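Please examine the structure shown here.

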Amino acid sequence: MKQLVRRIGQTVALTLPVVLVTTGTLAVTRVPWAPPTSLDQQVVAASSGDGAGIGRTAATTTTTSDGLAPQDALRVALMDELRAHNPGSALDLLERAMREQPTLTPYCSSLAGELGKAAVRKYQGDVQRARTFARAVCDGSFAAGAAG
C-alpha cells in the first residue's frame, strides 16, 4: 500500500509540471494584448466581407463604391467623425478600422498624424486641448501630428 501511494505521488510529481506548463503556454497565446498572427489576420480578412481574403486578389478591393481607395475612404470617414464629434471618437474609428481591415495598417500612422493636425485646426490652434485626446493608436502618431 505504501509503495502504491509512493508510485502515485511520483506520477503526479512528474506529470503535473508538464500539464501546468502546457496549459499556461496555451492560455497566454490567445490573449487580446498579444500581437495578431498571420492566421488571425487571414481569418479577419476572410470574414470581414470587404472582398479581401482567401481566393481573392487585392486588385478586386482597391477602390470603394465611391471610387476612392480604401485608405482615402477611411480618411474621409475619420475627418467627418472628427468634425461631428471629437478627436477621441475619430481615433476609436481608426483603431476599429485597423483591427477590422489589417490591409490598411500601412496607412495608420499617416492617418493618425492627419487627425492630429485636424484636431489642432478644430480647436483653433490649441495644441494642448488637441493632445488631450491622444492615445497609443498607431504609435502615437496623433500626438506627433498635433505637435506640428
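The points that follow are grouped by topic. This is a predicted model, in which local features need pLDDT of at least 70 and side-chain atom pairs count only at pLDDT 80 or more, while totals for chains, interfaces and linings use all residues. Residues are numbered from 1 along each chain as its sequence is written, and side-chain values use heavy atoms, with hydrogens and water left out.

**Fold and surface**
- The protein has 7 helices and 0 strands (DSSP runs: H or I of at least four residues for helices, E of at least two for strands, numbered from the N terminus).
- Of the 148 residues, 26% are buried (under 20% relative accessible area; exposed is over 50% and partly exposed in between, with a 1.4 Å probe and protein chains only).

**Salt bridges**
- The whole structure contains 4 salt bridges (a side-chain nitrogen of Lys or Arg within 4 Å of a carboxyl oxygen of Asp or Glu).
- Arg 75 pairs with Asp 72, with the closest N and O atoms 2.5 Å apart; both residues lie in helix α3, about one turn apart.
- Asp 72, Arg 75 and Glu 114 are linked in a salt-bridge network.
- Arg 83 and Asp 80 form a salt bridge at 2.7 Å; Arg 83 is exposed, whereas Asp 80 is partly exposed.
- Asp 92 and Arg 135 meet in a salt bridge at 2.4 Å, N to O. Asp 92 lies in helix α4 and Arg 135 in the loop between α6 and α7, so the pair ties together parts 43 residues apart in sequence.

**Backbone**
- Gln 124, a residue other than glycine, has a positive phi near 50°.
- Gln 124 lies in the loop between α5 and α6 and is exposed, at 71% relative accessible area.
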